[in-house]
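Please examine the structure shown below together with its sequence. The briefing after it is arranged by topic.

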Amino acid sequence: MNQVVSGESQVDAQIVRNSKQFHQLLIARNSIRYILTTLVIAIHGFFIGGIAFYNEWFGQPYKENSIIPNGIYFTVLVIILMVLLEFVYILLSEKKIQKLQDKVVSEVINND
Amino acid sequence: MTRPNLTIISCLSFFLAVFSKVANSNQKITEAAATSHELNLTAVIVFCLFVILTLMISYWASQYTNSSSSFYTAGGNITSAQNGTAIAGDFMSAASFLGISGLIYSVGFDGLILAVGALSGWPVMLFIMSERVRNLGRYTFTDVVTYRLQKKPIRSVAILGSISVTLLYLIAQLVGAGKLIELLFGLPYEYAVVAVGVLVIIYVTLGGMLATTWVQIVKALLLLLGVSLMSILILVLSEFNIESIFEKAVEVHPRAEKILQPGSLFSDPVQAITIGVSMMFGLLGLPHILMRLFTVPNMNSARKSIFYASGLMGYFYLITILIGFASIAFVMSEPDYFTESQLIGGTNMAAVHLSHAVGGSLLMGFISAVAFATILAVVAGLIVAGSATISHDLYAEMLCNGAPDLEKELRITKFSAVIICVIGVLLGIVFQHQNVAFIAVMPLVIAASVNFPILLLAMYWKKFSTRGAVAGGLVGFVSSISLIIMGPKVWVSIIGASEALFPYDYPALFTLPAALLTMIIVSKFDKSESAEMDRKAFDRQVVAAELGTSVSAPVNH
């Protein structure tokens with residue numbers, strides 16, 4: 001596989017780049033990357049934006065007869081969500097993307 | 001006797017001498033420490049055990065550290081679980097543990113912004129950075145940006161960003177270390193900083209990245225064990241009623257229920273947003289964190305490393321929330337922890353006092369020793385990153401055009417590790433009486449404004465050119481330093497002016513877009529021949545970045 005770029009052959013890398021399989025891999029991986037990154041930035045944005053502009057809601061108790069405010073639950077939720085989204089990425093990378101990557105290696109690089 | 005043996009024995013003698021001096025010299029114990037607790041024997045024992053264990057690790061690692069590759073990246077043989085734990089160790093610094101819990105202790109909810117901010121960059125690191133950075137670089141993040149851009153100009157800017165981030169981070173850590181050790185162990189400030197420097201030089205010069213990684217792993221596990229013990233004891237003492245901890249906290253804190261809502265510390269919304277931006281994107285440009293991606297064998301391991309690290313850090317920050325509010329409930333109402341109405345050692349010591357409140361001297365000693373170990377490990381990681389920048393980026397790649405004498409490169413690596421550490425120690429002593437809060441701000445803002453945008457656009461934007469990278473990097477560097485100097489922390493607190501020229505301490509909300517915009521505009525208008533070469537190489541880079549093919553064939557201009 002190293003021959004793709006370890007040699008001086010730009011053509012080999014170009015063949016891989018233009019192949020349908022590599023295109024599929026790139027689209028799939030980038031879609032997951034960009035969607036999840038947008039989600040993380042949105043969650044962090046809601047958290048910071050909420051603190052900046054809706055701080056009263058953050059300070060209100062989550063339920064009656066409780067002193068623990070919404071903000072604490074929201075913070076815990078944000079931390080758990082961040083780790084969960086990472087787990088989703090790992091899962092998708094191993095179950096779906098890796099197969100596409102193996103396909104590029106077997107059908108494009110090895111055949112070449 | 002071999003050189004590593006002699007070095008380790010000399011080091012042990014040095015530390016025994018230092019600690020015996022401390023044990024026999026109550027006058028040297030700082031006033032605050034003397035008022036609070038006697039020199040804690042548990043802390044000294046745990047710390048000495050940690051030092052002995054880590055020196056043994058360094059000796060073991062020295063047998064495998066015989067090339068630049070093994071020095072910079074442990075030969076790429078670290079497993080993802082080990083690397084993940086080490087990365088978590090790198091990031092769970094004393095600032096995270098003592099700083100965030102101390103901030104929650106003093107202002108309540110607003111301290112959580114830092115906990116979430118610190119964690120929020122990691123998913124982005126996993127999604128868009130980890131795999132491509134691993135596949136395109138060898139030793140430093142600068143390798144990644146020079147894969148298709150012109151080596152000399154881009155390396156100059158990247159080295160500027162890398163060295164300034166590393167040195168500033170190092171000074172902030174060392175000054176914090178000196179103050180912390182002075183308080184916890186009663187060791188005079190200069191001794192403390194020199195002791196950290198000597199130990200770190202031994203770890204790094206003997207064992208390079210392999211020793212540094214294992215020191216981080218040991219420290220991370222000890223820290224997680226310590227905070228877990230604390231949280232269990234807090235829950236037991238509150239009869240597993242978290243509600244009662246918050247009720248007590250509100251009851252004893254002078255700000256009462258205001259500690260449960262945001263706005264105490266960051267009353268200006270823009271301040272909260274710019275801190276969030278600095279923390280999230282600053283992480284993505286920290287050289288010593290990015291360098292850890294090269295210590296694993298492939299992109300899959302790099303990916304998993306970040307996931308493991310985030311899992312550990314997520315757990316750590318959740319516990320920090322409990323520790324922060326519990327420190328209000330358990331410490332604030334106890335007069336033993338105060339002198340002249342002030343918390344002994346300042347609010348950063350809230351977690352340490354809490355450990356005493358819930359676990360007595362034994363737990364306090366353990367937590368104090370772990371806090372010291374934390375600083376040692378983080379400083380070691382920074383020294384490895386700094387020395388790699390000088391020996392690999394500057395000497396091997398720039399001065400020797402990528403074909404250095406390998407033995408000479410390794411010697412320069414070790415020598416630069418010593419020099420960086422000595423400079424750090426000297427600056428740490430010079431800055432001991434200064435307010436160094438601004439130094440702690442600078443690395444994150446510079447990393448977010450220089451390293452991160454160059455890295456992002458180099459990997460993802462085809463039209464990015466070397467001229468764009470250099471221009472944007474310089475704009476990010478100059479604007480971030482200028483705005484920090486014009487901000488409240490320097491202009492008002494240090495220079496003494498009545499009003500700051502720029503209202504925010506963390507200017508990344510402004511400097512990051514400025515750098516990105518400059519990069520985009522200059523690259524768009526760059527029609528030079530070299531820019532065309534930069535763009536032509538993009539497809540080849542994408543193939544290498546996505547498939548994990550050889551990284552030994554970056555484009556030569």
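This is a predicted model: local features need pLDDT of at least 70, side-chain atom pairs count only at pLDDT 80 or more; totals for chains, interfaces and linings use all residues.

Residues are numbered from 1 along each chain as its sequence is written, chains are lettered from A and ligands numbered from 1 in the order in which they are written, and side-chain values use heavy atoms, with hydrogens and water left out.

**Confidence**

- The predictor assigns the complex an ipTM of 0.90 and a pTM of 0.88.
- The average pLDDT (the predictor's confidence in each residue, from 0 to 100) of chain B is 85, and 90% of its residues score at least 70.
- Among the elements of chain B, the highest mean pLDDT, 97, belongs to helix H20 (residues 508–525), and the lowest, 44, to helix H2 (residues 31–36). Helices (H or I, at least four residues) are DSSP runs, numbered from the N terminus.

**Contact between the chains**

- Chain A contributes 56 residues to the contact and chain B contributes 58 residues, where contact means heavy atoms within 4.5 Å.
- The two chains, A and B, bury about 5000 Å² between them, with 73% of it on carbon and sulfur atoms. Buried area is the accessible area (1.4 Å probe) that two parts lose on being put together, summed over both.
- Five salt bridges are counted between chain A and chain B; a salt bridge is a side-chain nitrogen of Lys or Arg within 4 Å of a carboxyl oxygen of Asp or Glu.

**Charged pairs**

- Over all chains, the structure holds 16 salt bridges.
- Arg29(A) forms a salt bridge with Glu546(B), their closest N and O atoms being 2.6 Å apart. Because Arg29(A) lies in helix H3 (residues 20–53) of chain A and Glu546(B) in helix H22 (residues 538–547) of chain B, the pair joins two chains.
- Arg29(A) is buried, with a relative accessible area of 1%, and Glu546(B) is buried at 0%. Buried means under 20% relative accessible area, exposed over 50%, and partly exposed in between (1.4 Å probe, protein chains only).
- A network of salt bridges links Arg29(A), Arg33(A), Glu131(B), Arg132(B), Arg303(B) and Glu546(B).
- Glu397(B) forms a salt bridge with Arg138(B) (3.1 Å, N to O) and another with Arg155(B), at 3.7 Å between the closest N and O atoms. Glu397(B) and Arg155(B) are both buried, whereas Arg138(B) is partly exposed at 37% relative accessibility.

**Aromatic rings**

- A search of the whole structure finds 23 aromatic pairs over all chains. Rings of Phe, Tyr and Trp (its six-membered ring) pair if their centres lie within 6.5 Å; planes under 30 degrees apart count as stacked, over 60 as edge-to-face and the rest as tilted.
- Trp461(B) and Phe464(B) form a tilted pair, 6.4 Å centre to centre with 40° between the planes.
- One aromatic cluster consists of Phe47(A), Trp57(A), Phe58(A), Phe74(A) and Phe109(B).

**Backbone angles**

- Most residues other than glycine have a negative phi.
- Asn65(A) has a positive phi near 60° and is exposed, at 81% relative accessibility.
- Ala74(B) has a positive phi of about 55° and is buried, at 10% relative accessibility.
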